[in-house]
Amino acid sequence: MPATIFDGLLLAKEIREKVKLRVGLIEAKLKRPPCLAVVLVGNDYASKLYTGIKHKACAEVGVKSINYELAENVSQIDLLELVQELNGRGDVDGILVQLPLPKHIDKSIILSSIDPAKDVDGLTPHSVGAF
């Protein structure tokens, strides 16, 4: 059987166009663009790069993205308060807390505090248990 060769760039472009159309339908229903809140703690180079790619992807398909960059030494309580604030915001539809988190923060506590309906990474205990 011969191998099938995919044009990854073309395929990605086609997927983005389909997502853009679906985002347009969601925007019409919500009367605003869907919104992703990205929380980055510290200065991890790979994490900064990854979240930058997420913001760019959001912009390409019409999703609003909000960036929260917190200091490496942010307290767990302050991070929890931010996640709870984002959970309560009606204009925020998804929350992404970028991993890894600093060693002094218990990631399981932070991840379990994300509203499962807003958990874009599928890392809350509720989301993981749903599979």
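Start by selecting Leu123: at 34% relative accessibility it counts as partly exposed. (Buried means under 20% relative accessible area, exposed over 50%, and partly exposed in between, with a 1.4 Å probe and protein chains only.) This is a predicted model, where local features need pLDDT of at least 70, side-chain atom pairs count only at pLDDT 80 or more, and totals for chains, interfaces and linings use all residues. Residues are numbered from 1 along each chain as its sequence is written, and side-chain values use heavy atoms, leaving out hydrogens and water.

**Around Leu123**

Leu123 sits in the loop between helix H4 (107–112) and helix H5 (125–129). Helices (H or I, at least four residues) and strands (E, at least two) are DSSP runs, numbered from the N terminus. Show the neighbours of Leu123. Not counting residues up to four places away in sequence, Leu123 touches Leu99, Leu111 and Val128; contact means heavy atoms within 4.5 Å. Tyr50 and Leu123 are 73 residues apart in sequence and 17 Å apart in space, C-alpha to C-alpha.

**Strand E3**

Select Gly94, Ile95, Leu96 and Val97. In a regular strand the side chains alternate between the two faces of the sheet. Here both faces of E3 are covered: Gly94 and Leu96 are buried on one side, Ile95 and Val97 on the other. Next, bring in E1. E1 and E3 pair in the parallel sense over four bridges; strands pair if DSSP finds at least two bridges between them. Leu36 has Gly94 as its bridge partner in E3.

**The cores**

What is in the largest nonpolar core? There are 19 residues, and those with the most contacts inside it are Val39, Leu86 and Val97. The elements giving two or more residues to this core are strand E1 (35–41), strand E2 (64–70), helix H3 (76–88), strand E3 (94–97) and H4. Apart from it lies another core, of seven residues, including Val23, Leu36, Val38 and Cys58. (A nonpolar core is a set of buried Ala, Val, Leu, Ile, Met, Phe, Trp, Tyr and Cys residues joined through side-chain atoms within 4.5 Å.)

Zoom in on Val97. Among the residues it touches, beyond four places away in sequence, are Val39, Val83 and Ile110.

**Asn87**

Move to helix H3 and pick Asn87. Is Asn87 buried or exposed? Asn87 counts as buried, at 15% relative accessibility. Leaving aside neighbours within four places in sequence, Asn87 is in contact with Ile95, Ser113, Ile114, Asp115 and Lys118.

**Last stop: Leu11**

Leu11 lies in helix H1 (residues 8–30). Leu11 is partly exposed, with a relative accessible area of 38%.
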